[in-house]
Amino acid sequence: MFFKEREDELELRVRSKESMDNGREALLPATSTSNKPVVRSFDCILVAHIIEDEGDQKFKKQEAYINMLKSKNLKVSQIIHENKVFYGVRAPEEIFEKYKYLLKVSDSCNWVSKQKDCVPDTIRIRIVHFILHHTFIGTGEGLRDLVRQDVFETLFCLHEKRQQKYLKKRWANWGALRHVINQPVNDIREYFGEKVALYFLWLGWYTRLLIPAALIGVIVFLYGLAFFNTNPLIKEVCESNVTMCPRCYKHCQMWKLSDTCAYAKVSHLFDNEGTVAFAMFMAVWATLFLELWKRHRSLHVSKWNVFDWNEDEEELILEIINDPHCKPKDFNHSYLHNIVVLLLVTLVLVVIIGLTHALVICRLVSTMLLSECSWEFLQENASVLAMILGAVLHYFTILIMTKVNRFVALKLCSIEKTRSFAATERSFTVKMFTFQFFTLFSSLIYVAFFLGRINGYPGNYVKIADKWRLEECHPSGCLTDLFIQMAIILALKQTLSNIFEFAGPWLKLCVKRTAFNKQLRKCGNCYRKACREDGAEIEPCDICNLRDWLRNYHLNTVNAFSLFNEFLEMVIQFSFTTIFVAAFPLAPLLALINNIFEIRLDAIKMLRLERRLVPKKTNDIGVWTKILEAIGVMAVIANGLVIGISSEFVPRLVYRYRYGPCAYGSSTDLQCMAGYINYTLSTAYMSDEKVRQDFEDQMTLNGFNVTQCSYKDYRSEEDHSYTSQYWLILAARFAFVILFEHVVVICKFIVAWFVPDNPIRVKNVRLHDKLRRLKEELWEMSARYDSRSTDV
């Protein structure tokens, strides 16, 4: 009866198998890419410099470490080549049997190998890599200490030729660009482990959901473009005779508002009614993306049997396998360390904000210098060119600060003394993202919320060192300045970063290739018929092993944070796509185009240009999920503030329904927004002594003296105090921000509640799987009990 129930359950699972691509795949394990068993000669390769003096301390440590590995029943083979010695390390099958058994009795890890004859390649590599890094010689030194002391040079994993060739053909080539979304995540998981597979699964899902966001962003942009020449506000700027006050101190001249006609047209492209709806859509989209991602993830982790995987339990299992007498690393918490780290993090953020102030000063100085140039084009466009120059400088600041932030984050993690590498990785991720976020967005925050609002007014300008006036916004609004900053930083970051990210490893490999080919010729050739005919089913000879080891040794090195770098790049891009998207509706489109190439670049880099990453098991993208949720919240706040404070959307509404020609329904022939530009301007008279002091030697336009000039603000002409219109608009701005954020937050909560994290079929399959495993345990216990009764 029991076996009949097991057959029925197996039939149920087989019936649930579906043929789906990337996210709609069945919950059964994927079949192997090859029917032939592959003999894994060695799991990891350890490289050291040859030390001829046997009395040398480094030689003794080398020998002691290798003997320690052999005492753990690891097979260690040595091959000497030129001035290096290569140690091939392979673990016995009993280690993997222990691993499988301990997983079986574990509370949370329900993985059981479906292959009785062999252990998956990723598990073998992960276990051996852990043992190598947690093997200590008599002096208490581990592999990392020995590498720092130059006793060993490096440790790396081998690419498996047949699987590598299969993935190259199906995934890691430019021809696979036609498969924009679909990726062989099951094969990636079999080769690189769950952690890398989940990264590409997440990146593919993110790219897929960018398609509707990009389409709507393009529609919003085209909506602004449709009224490019017919908008009455643009027409009012282009036909205006208003004389505007100088933009900088001493060196800028009076200018006509009509001279900035082109700037007003560009402003309307990114500051119209469509951007409000798009900002709300993107805030809800971020939540929908995360909720659908959780469902998408659960499908795959259920199929991979890691849904209940627990990081701490597997760590204990690996420690027991390495040393049966080990003691667990206790959790600890130090308030003193946390206070020190918090103070240091605050100090770093203050430094980053200080750099933002430095960038502001650079923009002011460049504006002044450009205004002094003899070239008329530079004089007329000094403010815009200074803004572009500031964005470029900001990009280079990001490049430099990325390295500084990484160094500081690692040092702060060392102060915390975290319990495990996984805990260190989580702490490092939070700190690094925080530093990078402030590095990238502090300048944008200044442009969005402070530019043109703290600069003062004629006769009472705010000046730095009594020389440089703070910048002002264009009468058409400040949103164009934010758009220019975002467009330049995002475009440079995506294009140049991808070029350097791929070209760097490729050029390094090209440089190494000449030396590598010479070394291959010195290895000799293999004349074994078995190696040439079917090398996958036999134990390769030393010549074949050495050639394979050298081929992997000369690839570019990887480290524990290699995958972290890819995640950080994409999450920062996600931030650009959602935060401040009201100022740049084309950001999702740029992100989509970038990601189509990013998937292939990362695949080619990991599979062809770099050594194989150590496969790691996981069932989620970890702390990145929390960071993405935080970004979603910040997107609501930032977009509400951008539309309510930086945009001209609210002042236009106030003018339309309170002060404009159509305010009381008395005027129907005129455009409702007629006169809006003049309504937003205030007048400064040269008869005021303080105004004359600010505009000394700047009171001429085309050779004529000017008696008055206008500037963007809501102030009275007599004492420059704020008018009633200013306070009404300010109240309307804050009311809009509160309304916007509450409506969007409610929509986000509804979406999060409506979309469950786990699909019903995942819950049902897990339920049946748990019942099957419990019945198997009961059957095994009954079988043991029956055998004891028979013996008696």
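Visitor: Which cysteine is joined to Cys 238?
Guide: Cys 261 is the partner, in a disulfide with an S to S distance of 1.8 Å. Keep in mind that this is a predicted model.

Visitor: And where do Cys 238 and Cys 261 sit in the chain?
Guide: Cys 238 belongs to helix H9 (residues 232-238), while Cys 261 belongs to helix H10 (residues 261-270). They are 23 residues apart, and the pair links distant parts of the chain.

Visitor: Why is that disulfide called right-handed?
Guide: Because the torsion about the S-S bond of Cys 238 and Cys 261 comes out at about 75°.

Visitor: Is Cys 261 buried or exposed?
Guide: Cys 261 has a relative accessible area of 17%, so it counts as buried. Cys 238 has 24% relative accessibility and is partly exposed.

Visitor: How many disulfides does the structure hold?
Guide: Two. Cys 245 and Cys 709 also form one, with the sulfur atoms 2.0 Å apart. The angle about the S-S bond is 85° there, and the link is right-handed.

Visitor: Which parts does the pair of Cys 245 and Cys 709 tie together?
Guide: Cys 245 is in the loop between strand E5 (243-244) and strand E6 (255-256), and Cys 709 is in strand E14 (residues 708-712), so the pair ties together parts 464 residues apart in sequence. Both Cys 245 and Cys 709 are buried.

Visitor: OK, on to helices. How do H15 and H16 pack?
Guide: Helix H15 (residues 382-416) and helix H16 (residues 421-449) have axes 9 Å apart, at an angle of about 150°. The two helices, H15 and H16, are therefore roughly antiparallel, and their crossing is right-handed.

Visitor: Which residues meet there?
Guide: On the H15 side they include His 394, Ile 398, Met 401, Arg 406 and Cys 413. On the H16 side, Phe 428, Lys 431, Met 432, Phe 435 and Leu 440 are among them. By class, the contact of H15 with H16 has eleven nonpolar, eight polar and three charged residues.

How values were computed: Residues are numbered from 1 along each chain as its sequence is written. This is a predicted model: local features need pLDDT of at least 70, side-chain atom pairs count only at pLDDT 80 or more; totals for chains, interfaces and linings use all residues. Side-chain values use heavy atoms; hydrogens and water are left out. A disulfide is a pair of cysteine sulfur atoms within 2.5 Å. Helices (H or I, at least four residues) and strands (E, at least two) are DSSP runs, numbered from the N terminus. Buried means under 20% relative accessible area, exposed over 50%, partly exposed in between (1.4 Å probe, protein chains only). Axes are lines fitted to C-alpha atoms, for helices over the stretch in contact, and angles run from 0 to 180 degrees between N-to-C directions. Angles under 35 degrees count as roughly parallel, over 145 as roughly antiparallel, 65 to 115 as roughly perpendicular and the rest as oblique. A crossing is left-handed if the near helix is turned anticlockwise from the far one by less than a right angle, and right-handed if clockwise. Contact means heavy atoms within 4.5 Å. Ala, Val, Leu, Ile, Met, Phe, Trp, Tyr, Cys and Pro count as nonpolar, Asp, Glu, Lys and Arg as charged, and the others, Gly among them, as polar.
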